[in-house]
Amino acid sequence: MTLTGNWTYPTAIRFGAGRLKELPEACAEAGMARPLLVTDRGLADLPITAAALDILEAAGLGRGLFAEVDPNPNERNLAAGVEAFRAGGHDGVIAFGGGSGLDLGKMVAFMSGQTRPVWDFEDIGDWWTRADAEAIAPIVAVPTTAGTGSEVGRASVITNSETHEKKIIFHPRVLPRVVLCDPELTVGMPRAITAGTGLDAFAHCVEAFSSPHYHPMSQGIALEGMRLVKEYLPRAYADGTDLEARAHMMSAAMMGSTAFQKGLGAIHALSHPIGAVFNAHHGTTNAVCMPAVLAFNAEAIRERFDSAAAYLGIEGGFEGFQAFVQDLNDRMGIPRTLAELGATPERIDELAEMAIQDPSCGGNPVALTVEDLRTLFHRCM
């Protein structure tokens, strides 16, 4: 089977190996003639970024580049990106990279024409309606990892550098107009990043599947996303050049992001403060927190994961699924504790207060209190 296709759900997606060369057509489809490619510092000098810029230049689209993006992008990165966008006379953004490049790129396009501060558009109630929708620049997304699924998301996570809080900024028009998914771009990912990003996609599917909200479409997508990760992440981890595995993982990442419209939960509520305070890799942090959260939510999710385990070919129902998760983490070289990611227990009270404010709490199948979160942090430490 050839793993290629043009899809229109949840946005226009060009999927398949070698399709980076279609970047000029994607820009034309999105309505941009002078794009700014936004990526992170780690990708700025890599061959895949140079190849993208060469393709743009050859098509007469310039080679505008902004790469002052931190691993957990913040409002200072955003201000610099918006300044570069305006100074260069750009008319759209190519969000290029993993979660940080994609999230920051989307926000540069979003904020390029706004007059209010970015925090006014946090994903609370109808705050998104405060934005001038007509001033949002078009976005083309090009993922280079298989994890966050931000390429098909309507929001970005931005860290407040003063308060060390991660904030979700939402607007329907932040969904990229065109996504170009080329699994060849992920071949060079180091094993640790392959593991962390892949388990991020898995966490999105697990939490969406666990969420108590009614959304059968997301439930089905989450289940199949878990299957793809189970089957293909070990292959991508063992052999980074396995294009079939890389392609299926790119699909799983998009499926996780699409599914979590149904909700996230305690895994992300714990992970966001750890990333903001200790600058830990988000997907890896999710993986570390997952076993403790599954145990905490056990009675509320046991029945549905009994069914999921059967579909996934895992024996032993919910307990078998729990054992599979820990085994997968161990096989991927994931630490068993947050302490191994640099987190320190003396800040647990502060972290728990930050976590209870995280909107992910609302999707957890068991209502969370600050004390619950404090206990979970202790278990994860």
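Helices here are DSSP runs of H or I that are at least four residues long, strands are DSSP runs of E of at least two, and both are numbered from the N terminus. What you are looking at is a predicted model, in which local features need pLDDT of at least 70 and side-chain atom pairs count only at pLDDT 80 or more, while totals for chains, interfaces and linings use all residues. Residues are numbered from 1 along each chain as its sequence is written, and side-chain values use heavy atoms, with hydrogens and water left out.

View 1. UniProt, in an unreviewed entry, puts "domain: Alcohol dehydrogenase iron-type/glycerol dehydrogenase GldA" at residues 10–183. That stretch is 29% helix and 22% strand, and its end C-alpha atoms sit 19 Å apart. The unreviewed UniProt entry also gives "domain: Fe-containing alcohol dehydrogenase-like C-terminal" for residues 194–379. Here the make-up is 72% helix and 0% strand, with 26 Å between the end C-alpha atoms. A word on the labels: UniProt positions follow the numbering used here, feature names are shortened, and annotations may be inferred rather than shown by experiment.

View 2. Follow the strands across and you get the order 1-2-9-6-5-3-4, with mixed pairing; two strands pair if DSSP finds at least two bridges between them. Strand 1 (5–7) and strand 4 (64–66) are the edges, each pairing on one side only. From one strand to the next, the twist averages 20°. Angles like this run from 0 to 180 degrees between N-to-C directions, and the axes are lines fitted to C-alpha atoms, for helices over the stretch in contact.

View 3. Strand 1 and strand 2 (residues 12–15) are antiparallel partners with three bridges, and a hairpin of four residues connects them. Look for Gly5 opposite Phe15 and for Asn6 opposite Arg14. Strand 2 also runs parallel to strand 9, and four bridges join these two. Phe15 turns up again here, this time opposite Cys181 in strand 9.

**View 4. Helices laid across the sheet.** Helix 4 (residues 75–87) lies across strand 3 (35–38), strand 4 and strand 5 (92–97), at about 165° to strand 4. Helix 8 (residues 243–259) lies across strand 1, strand 2, strand 6 (139–143) and strand 9 (178–181), at about 165° to strand 2. Contact means heavy atoms within 4.5 Å.

View 5. Most residues other than glycine have a negative phi, and most peptide bonds are trans. Zoom in on Tyr9 and Pro10, though, and you find a cis peptide bond with omega of about -5°. Pro10 is in the loop between strand 1 and strand 2. Then there is His164, which is not a glycine but has a positive phi of about 60°; His164 sits in the loop between strand 7 (155–160) and strand 8 (165–170).

View 6. A pocket is an open set of points on a 1 Å grid over the protein atoms alone, with protein on both sides within 12 Å along at least five of seven lines; a cavity is a set where a 1.4 Å probe fits but cannot get out, and lining residues have an atom within 4 Å of a point. Grid points are joined across faces, edges and corners, and a volume is the space filled by probe spheres set on the points.

View 7. About 40 Å³ lies in the largest cavity, whose lining includes Thr194, Thr197, Gly198 and Arg246. Helix 6 (191–210), helix 7 (216–238) and helix 8 each give two or more residues to this lining, and helix 6 has the largest share, three. The second largest cavity also has a volume of about 40 Å³, with Val206, Glu207 and Ser210 among its lining residues. Helix 6 again gives the most, three residues.
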